[in-house]
Amino acid sequence: MRYAQGGGLTDAGRTARERVRLQAVDRFERGEKNQKVAAVLRVSERSVERWRRSWRERGAAGVASKGSPGRPQLSDAQVAKLESELERGPLAHGWADQRWTLARVKTLIGRMFHVSYTLQGTWRLLRRHSWSWQQPARRAIERDDTAVEVEEGRLAAGKSTAAALGAWIVFQDEAGQSLTPPRSRTWGRRGCTPVVRVRGRGSGRVSMAGMVCYQPGRRSRMFYAVREYRGRVGQPKGFGWRDLRDLVVRARIQLGGPIVLVWDNVRLHLTAGMREFIAANAAWLTVFQLPAYAPDLNPQEGIWSLVKRDLGNLAAADLTQITRAVKRRLKQIQYRPDLVDGCLAGTGLMMGG
């Protein structure tokens with residue numbers, strides 16, 4: 001708050017609250033009653049009484065707004081120290097991945113300065129000091145910066161078939177994850193893109209196969225399988241058709257009914273062994289192919305998005321850590337049928353009775 005000579009408020013830096021109090025001072029000087037001042041300014045008479053008492057004791061300066069006394073504030077030096085620690089990254093402060101979230105910044109402020117901020121207050125603090133929510137760039141851990149120059153038809157038929165047979169409609173898909181994590185947004189200084197340090201050398205891959213299962217009037221289900229590939233001689237790089245066959249059989253046993261299986265046209269789904277298995281089990285298994293380049297129609301893609309979002313900016317030391325994180329997240333989703341239903345809703349498909 002700034003004052004002109006003689007105690008008057010200047011026009012610079014006035015807030016709405018300050019302008020209301022300034023108008024109250026003007027009306028006090030004109031001798032208006034508290035009731036009239038309160039009615040004109042749309043405030044309580046008790047507030048006007050308090051302002052008039054402060055005006056009598058200390059003049060206009062006594063009426064000036066001092067802001068919210070209960071909101072914790074950091075000094076400029078403390079903010080500078082906080083920014084320095086934020087630039088070190090979440091890894092330096094004990095978090096497993098390299099993503100600054102509001103909750104983590106709030107926790108860091110509490111650790112450093114023993115001051116409690118709300119999430120909204122943390123957001124305002126960061127925005128006020130030129131930090132924003134950004135998508136980080138990737139860079140290999142092995143990179144030496146000093147040495148490198150900056151340079152929908154058939155699917156509807158599948159649904160009708162499932163309804164006619166009283167079958168579960170099952171969407172299947174595969175995905176994989178290496179040590180290079182998906183990029184997730186993090187807080188960083190405005191105009192300065194954050195950098196996520198990851199391992200540049202290939203050190204294996206985690207393969208995932210999953211099925212989301214729907215039937216009107218029944219709780220949605222999900223089944224999955226996870227496999228590691230570490231580059232060893234003779235080790236399969238991913239799933240074979242027999243692995244998918246076993247997953248389909250496991251789903252059928254646990255679902256306890258016929259299945260209408262919907263999947264894409266990858267080569268693994270079209271092998272001779274898989275075709276023979278489908279033909280031999282036509283009594284309970286019907287297969288429909290998704291249109292080409294239509295992953296948005298497969299709700300299992302939504303499951304992979306949920307898994308990989310949880311892996312965002314993960315600073316994994318080895319493949320085992322990735323596998324644990326993937327299995328943990330898939331297990332959590334298994335017990336959340338609302339998430340499985342949400343992935344179906346995201347495709348725009350309906351499973352009405």
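Predicted model: local features only at pLDDT ≥ 70, side-chain atom pairs only at ≥ 80, totals over all residues.

Student: How many aromatic pairs does the structure hold?

Tutor: The structure holds five aromatic pairs, including that of Trp133 and Trp187.

Student: Why is the pair of Trp133 and Trp187 called tilted?

Tutor: Their ring centres lie 6.0 Å apart, within the 6.5 Å limit for a pair.

Student: What makes Trp133 partly exposed, and what makes Trp187 buried?

Tutor: Trp133 has 40% relative accessibility, which falls between the limits of 20% and 50%, so Trp133 is partly exposed. Trp187 has 6%, under the 20% cut-off, and therefore counts as buried.

Student: Why is the pair of Phe277 and Trp284 called edge-to-face?

Tutor: The angle between the planes is 75 degrees, over the limit of 60, so the pair is edge-to-face. The centres are 6.3 Å apart.

Student: How do you know whether Phe277 is buried or exposed, and likewise Trp284?

Tutor: Phe277 has 11% relative accessibility and Trp284 has 13%. Each value is under 20%, so Phe277 and Trp284 are both buried.

Student: Which residue lies over the face of Trp95?

Tutor: Arg111 does, at 4.9 Å from the ring centre, and this distance is within the 6 Å limit for a charge over a ring.

How values were computed. Residues numbered from 1 in each chain as written. Heavy atoms only, no water. Phe/Tyr/Trp six-rings, centres within 6.5 Å; stacked < 30°, edge-to-face > 60°. Buried < 20%, exposed > 50% of the residue type's maximum accessible area, 1.4 Å probe, protein only. Lys NZ or Arg CZ within 6 Å of the ring centre and 35° of its normal.
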